[in-house]
Amino acid sequence: MKTGDTFERIYRVVRSIPQGSVMTYGQVAELAGMPRAARVAGYAMAAAPEDVPWQRVVGKSRKNRARITLRDSLTADIQRQLLEGEGIEFDGGEIDLERFGAVQP
DNA sequence: ATTATGACTGCAG
DNA sequence: TCTGCAGCCATAA
């Protein structure tokens with residue numbers, strides 16, 4: 001694949017997340033080949049094309065737990081609704097990665 | 001080339 | 001339990 005296609009690599013990973021599963025920004029970055037570029041994954045999501053299921057990428061909270069970390073409450077609410085629509089359950093505002101975390105290759 | 005920024009994280013207070 | 005702050009890394013200006 002081409003070199004310097006950071007965003008594309010990130011989008012490819014996100015597109016690989018199956019419906020009903022979620023992945024943290026850190027995981028996405030790692031699978032995209034940038035282990036410590038979690039923030040970059042977020043930066044990429046802000047500019048994500050429509051064919052990218054950005055709602056399946058969430059922020060890591062504590063061990064095996066994730067939460068929506070969007071600053072814009074309106075968009076954050078939309079993400080939560082989309083995820084709930086896919087069957088993701090929010091327990092105390094958080095997602096259990098043991099149950100909904102995407103299986104990594 | 002340098003500086004500012006952000007949909008992150010993990011640890012400290 | 002919750003908020004704050006210092007590292008992190010690529011993009012945008």
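Mentor: Two strands pair if DSSP finds at least two bridges between them. Keep in mind that this model is predicted.

Trainee: In which sense do E2 and strand E3 pair?

Mentor: Pairing requires at least two bridges. E2 and strand E3, residues 65-67, have 3 bridges, and Gly59 stands opposite Arg67 of E3. The sense of the E2 and E3 pairing is antiparallel.

Trainee: Which residue in the turn of the E2 and E3 hairpin has a positive phi?

Mentor: The hairpin formed by E2 and E3 has 2 residues between the strands. One residue in that turn has a positive phi of about 60°, and that residue is Asn64.

Trainee: Which residue is the bridge partner of Met23 in E2?

Mentor: Strand E1, residues 23-24, is joined to E2 by 2 bridges, and the two run parallel. Met23 has its bridge partner in E2, namely Val57.

Trainee: Which element supplies the largest share of the surface near DNA strand B?

Mentor: Helix H2 (25-31), helix H3 (38-45) and strand E2 (57-62) each supply at least two residues of that surface. The largest share is 4 residues, and the element supplying them is H3.

Note on methods: Residues numbered from 1 in each chain as written. Chains lettered and ligands numbered in written order. Predicted model: local features only at pLDDT ≥ 70, side-chain atom pairs only at ≥ 80, totals over all residues. Heavy atoms only, no water.
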